[in-house]
Amino acid sequence: MYVCLCKGLTESDVQQAGRCGQITGAGLIASFGLNDEGCCGRCAENIDDLVQLAAGQLSPFPH
Ligand code: FES
């Protein structure tokens, strides 16, 4: 399931990032470019949801 339409990210992408140790909001925003030009910004504004998903504390992610 897609969790970020702007970047085409799936739950699996975020969970994989979490398994690689990427479980901070700033880290996820930077690695996936969630503040890039052309992105809607919704993911960066709600980064806690992605952090929980990366940390294995949230699934599935409603988007
Ligand atoms: S849906 Fe993720 S930045 Fe737009």
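A residue is termed buried when its relative accessible area is under 20%, exposed when over 50%, and partly exposed in between, with a 1.4 Å probe and protein chains only. The structure is a predicted model, in which local features need pLDDT of at least 70 and side-chain atom pairs count only at pLDDT 80 or more, whereas totals for chains, interfaces and linings use all residues. Residues are numbered from 1 along each chain as its sequence is written, and side-chain values use heavy atoms, with hydrogens and water left out.

Helices (DSSP runs of H or I, at least four residues) and strands (runs of E, at least two) are numbered from the N terminus. In α1, the buried residues are E11, V14, A17 and G18. Viewed down the axis of α1, these buried residues fall within an arc of 130°, and therefore line one face of the helix; the arc is that of the directions from the helix axis to the C-beta atoms. The buried residues of α1 pack against β1, β2 (9-10), α2 and α4, contact being defined as heavy atoms within 4.5 Å. G21, which follows α1, has a positive phi near 95°.

Apart from its neighbours within four places in sequence, V14 is in contact with V3, F32, L50, L53 and A54.
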